[in-house]
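Colleague: I am new to this one. Could you walk me through it, a question at a time?

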Amino acid sequence: MELSFNELANTIKDKEVFMIIGNGSKNQFKDMRVVKGILRRILKSCMDNSVFLYFGDAANEKKPDVGLLFKYVKEMRPDIKIYMIQMDGAKSWGVPSFVSGVYWHNDYTEKCKYGCVIDGKPYSNTKKWVSLHRRIRNGIKKVYIFGGGPVTLDEYTMIKKYNIPYEYFPVERKYKGDSKTKVQMGDSQREKVGITWNKI
């Protein structure tokens, strides 16, 4: 189901709204057992019929990143609604079956297609969730951060700016931000977790 911004805002305005951000396809997750354990604990604290905002990362078992967590959310808590916010240039990628509705937008640039913060201003998907937070009655209740890269750090600045509660999990990544070089057992904790280590 396609939704306008206003329709999405009205649909979720009285719900508890959550976000999950973190490792994308260039980092991925090293141990999904650890990640799924954290996710189970999170979901136990969510009210019935809560909402999660999702930003289109692929839910790929072979490349486990933040997108896969939303598939697990739906499997573990079928009552939870997942709404996708994504640029309309990605329509050809399709919409996962766990998504209840999608808001396509054209508010992005070539420099910032998927989400970022430049000179203190949010763009693309980041701009849209910030706008939703300001629009809905109780705002975003909490953001769960699973490691992450530069975009995660950008979004963290907005989380702090708007005093949104968050919880950070320094989960280990599979690759060193290039989707090629594997993290090794002897690497430092900074290398194992990535750019967010000691910054969130």
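Modeller: Let us begin with a term: a disulfide is a pair of cysteine sulfur atoms within 2.5 Å. This is a predicted model, where local features need pLDDT of at least 70, side-chain atom pairs count only at pLDDT 80 or more, and totals for chains, interfaces and linings use all residues. Residues are numbered from 1 along each chain as its sequence is written, and side-chain values use heavy atoms, leaving out hydrogens and water.

Colleague: Which residues form a disulfide, their sulfur atoms 2.1 Å apart?

Modeller: A disulfide is a covalent bond between the sulfur atoms of two cysteines. Searching the whole structure turns up one disulfide. With sulfur atoms 2.1 Å apart, the partners are Cys112 and Cys116.

Colleague: Is Cys116 buried or exposed?

Modeller: Buried means under 20% relative accessible area, exposed means over 50%, and partly exposed is in between (1.4 Å probe, protein chains only). Cys116 has a relative accessible area of 9%, so the word for Cys116 is buried.

Colleague: Where is Gln86 found, and what is its relative accessible area?

Modeller: Helices (H or I, at least four residues) and strands (E, at least two) are DSSP runs, numbered from the N terminus. Gln86 belongs to strand 3, residues 81-87. Counting heavy atoms within 4.5 Å as a contact, and not counting residues up to four places away in sequence, Gln86 touches several residues, including Trp93, Trp104 and Tyr114. Gln86 is buried because its relative accessible area is 3%.

Colleague: How many aromatic pairs are there?

Modeller: A pair of aromatic rings is described by the distance of the centres and the angle of the planes. Here rings of Phe, Tyr and Trp (its six-membered ring) pair if their centres lie within 6.5 Å; planes under 30 degrees apart are stacked, over 60 edge-to-face, and the rest tilted. By this rule, the count is nine.

Colleague: Which residue forms an aromatic pair with Phe29?

Modeller: The pair is edge-to-face, with 6.3 Å from centre to centre and 75° between the planes. It links distant parts of the chain, 117 residues apart: Phe29 is in the loop between strand 1 (17-22) and helix 2 (32-44), and its partner is in strand 7 (residues 140-146). Both rings belong to buried residues, and the partner of Phe29 is Phe146.

Colleague: Which residue lies over the face of Tyr72?

Modeller: A charge sits over a ring if NZ of Lys or CZ of Arg is within 6 Å of the ring centre and within 35 degrees of the ring normal. At 4.4 Å from the ring centre of Tyr72, the residue is Lys36.

Colleague: How many salt bridges are there?

Modeller: Side chains of opposite charge can pair when their charged atoms come close. A salt bridge is a side-chain nitrogen of Lys or Arg within 4 Å of a carboxyl oxygen of Asp or Glu. By this rule, the count is 15.

Colleague: Which residue forms a salt bridge with Glu75?

Modeller: Both partners lie in helix 3 (residues 66-76), four residues apart, about one turn of the helix. The closest N and O atoms are 2.8 Å apart, and the partner is Lys71.

Colleague: Is Asp187 buried or exposed?

Modeller: The side chain of Asp187 meets that of Lys176 in a salt bridge, at 3.2 Å from N to O. Lys176, at 29% relative accessibility, is partly exposed. Asp187 is at 15%, so Asp187 counts as buried.
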